[in-house]
Amino acid sequence: MAKPTKEQALQFAIMLSSGVPSRVAVTYFLPEDFPEGSVIGLHEEWMKSEAIQQAILQLQGKAWQEMMVEERINLSIEKHYSEMAYYLYANNYV
(Lines give C-alpha, C1' and ligand atoms only; values in the text may rest on other atoms or scores of the structure.)
Protein backbone atom coordinates (compact mmCIF):
# COMPACT_ATOMS: atom_id res chain seq x y z
CA MET A 1 0.00 0.00 0.00
CA ALA A 2 1.40 3.35 -0.96
CA LYS A 3 0.31 6.95 -0.99
CA PRO A 4 -3.42 7.64 -0.77
CA THR A 5 -5.46 8.41 -3.85
CA LYS A 6 -7.29 11.72 -3.99
CA GLU A 7 -10.56 10.00 -2.97
CA GLN A 8 -8.89 8.10 -0.12
CA ALA A 9 -7.29 11.32 1.07
CA LEU A 10 -10.66 13.08 1.16
CA GLN A 11 -12.31 10.20 3.02
CA PHE A 12 -9.40 10.10 5.45
CA ALA A 13 -9.66 13.86 6.06
CA ILE A 14 -13.42 13.52 6.66
CA MET A 15 -12.71 10.82 9.24
CA LEU A 16 -10.18 13.08 10.96
CA SER A 17 -12.63 15.97 11.01
CA SER A 18 -15.23 13.71 12.63
CA GLY A 19 -12.85 12.99 15.50
CA VAL A 20 -11.37 9.63 14.50
CA PRO A 21 -7.70 9.47 15.52
CA SER A 22 -5.43 9.32 12.48
CA ARG A 23 -3.83 6.02 13.56
CA VAL A 24 -7.28 4.45 13.71
CA ALA A 25 -8.52 6.08 10.49
CA VAL A 26 -5.62 4.78 8.40
CA THR A 27 -6.50 1.19 9.30
CA TYR A 28 -9.82 1.48 7.44
CA PHE A 29 -7.90 1.71 4.17
CA LEU A 30 -5.73 -1.36 4.68
CA PRO A 31 -6.24 -4.79 3.17
CA GLU A 32 -6.98 -7.52 5.72
CA ASP A 33 -3.57 -9.14 5.29
CA PHE A 34 -1.59 -5.92 5.85
CA PRO A 35 1.22 -6.58 8.38
CA GLU A 36 0.30 -4.96 11.69
CA GLY A 37 3.86 -3.80 12.29
CA SER A 38 3.79 -1.74 9.10
CA VAL A 39 0.81 0.40 10.12
CA ILE A 40 2.92 2.99 11.96
CA GLY A 41 5.13 3.57 8.92
CA LEU A 42 2.13 3.83 6.62
CA HIS A 43 0.44 6.23 9.04
CA GLU A 44 3.47 8.51 9.01
CA GLU A 45 3.64 8.36 5.21
CA TRP A 46 -0.04 9.23 4.87
CA MET A 47 0.18 12.12 7.35
CA LYS A 48 3.00 13.62 5.23
CA SER A 49 1.09 13.03 1.99
CA GLU A 50 0.35 16.05 -0.17
CA ALA A 51 -3.06 14.55 -1.04
CA ILE A 52 -3.98 14.32 2.66
CA GLN A 53 -2.80 17.86 3.32
CA GLN A 54 -4.84 19.17 0.38
CA ALA A 55 -7.94 17.26 1.52
CA ILE A 56 -7.64 18.69 5.03
CA LEU A 57 -7.22 22.16 3.56
CA GLN A 58 -10.27 21.61 1.38
CA LEU A 59 -12.39 20.71 4.42
CA GLN A 60 -11.02 23.56 6.56
CA GLY A 61 -11.61 26.12 3.85
CA LYS A 62 -8.23 27.78 4.27
CA ALA A 63 -4.80 27.21 5.73
CA TRP A 64 -4.31 27.56 9.48
CA GLN A 65 -1.89 30.47 9.09
CA GLU A 66 -4.42 32.32 6.90
CA MET A 67 -7.18 32.11 9.50
CA MET A 68 -8.07 34.90 11.83
CA VAL A 69 -7.65 34.16 15.55
CA GLU A 70 -11.40 33.57 16.01
CA GLU A 71 -11.48 31.12 13.09
CA ARG A 72 -8.55 29.16 14.56
CA ILE A 73 -10.19 29.04 17.98
CA ASN A 74 -13.51 27.87 16.53
CA LEU A 75 -11.84 25.21 14.40
CA SER A 76 -9.83 24.02 17.40
CA ILE A 77 -12.90 23.80 19.63
CA GLU A 78 -14.90 21.93 16.98
CA LYS A 79 -12.00 19.52 16.43
CA HIS A 80 -11.62 18.93 20.16
CA TYR A 81 -15.35 18.31 20.68
CA SER A 82 -15.40 15.92 17.72
CA GLU A 83 -12.49 13.97 19.18
CA MET A 84 -14.16 13.79 22.60
CA ALA A 85 -17.44 12.67 21.01
CA TYR A 86 -15.63 9.95 19.06
CA TYR A 87 -13.95 8.73 22.23
CA LEU A 88 -17.28 8.47 24.05
CA TYR A 89 -18.86 6.73 21.06
CA ALA A 90 -16.03 4.26 20.55
CA ASN A 91 -15.37 3.37 24.21
CA ASN A 92 -17.66 1.98 26.83
CA TYR A 93 -17.34 4.54 29.58
CA VAL A 94 -19.96 2.98 31.88
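1. First, how elements are counted here: helices (H or I, at least four residues) and strands (E, at least two) are DSSP runs, numbered from the N terminus. Ser-22, for instance, sits in helix α2. The model is predicted, so local features need pLDDT of at least 70 and side-chain atom pairs count only at pLDDT 80 or more, while totals for chains, interfaces and linings use all residues. Numbering starts from 1 along each chain as its sequence is written, and side-chain values use heavy atoms, with hydrogens and water left out.

2. The overall picture: the protein chain has five helices and zero strands, in the order α-α-α-α-α from the N terminus. Its C-alpha trace spans about 45 × 40 × 20 Å along the principal axes. Of its 94 residues, 26% count as buried (under 20% relative accessible area; exposed is over 50% and partly exposed lies in between, with a 1.4 Å probe and protein chains only). Among contacts (heavy atoms within 4.5 Å) with a separation of 6 or more, 56% join residues 24 or more positions apart.

3. Now α1, residues 6–17. Its 12 residues reach 16 Å from first C-alpha to last, close to the 16 Å expected at 1.5 Å a residue (1.5 Å times one less than the number of residues). Buried along α1 are Ala-9, Leu-10, Phe-12, Ala-13, Met-15 and Leu-16. Their cover includes α2 (22–25), α3 (39–47) and α4 (50–60). Just after this helix, Gly-19 takes a positive phi of about 100 degrees.

4. Look at Ser-22 next. With a relative accessible area of 17%, Ser-22 counts as buried. Leaving out residues up to four places away in sequence, Ser-22 touches Phe-12, Leu-16, His-43 and Met-47.

5. Pro-21 belongs to the loop between α1 and α2. Its relative accessible area is 38%, so Pro-21 is partly exposed. Beyond its neighbours within four places in sequence, Pro-21 is in contact with Leu-16 and Tyr-86. Pro-21 and Tyr-87 are 66 residues apart in sequence, yet 9.2 Å apart in space, C-alpha to C-alpha.

6. Tyr-81, in helix α5, has 53% relative accessibility and therefore counts as exposed. Between Tyr-81 and Leu-59 there are 22 residues of sequence separation and 17 Å in space, C-alpha to C-alpha.

7. Last, the largest pocket, with a volume of about 430 Å³. Leu-16, Ser-17, Gln-60, Leu-75 and Lys-79 are the closest to its centre, out of 17 lining residues. At least two lining residues come from each of α1, α4 and α5 (69–90), and α5 supplies the largest share, six residues. For the terms: on a 1 Å grid over the protein atoms alone, a pocket is an open set of points where a 1.4 Å probe fits, with protein on both sides within 12 Å along at least five of seven lines, and lining residues have an atom within 4 Å of a point. Points are joined across faces, edges and corners, and volume is the space filled by probe spheres set on them.
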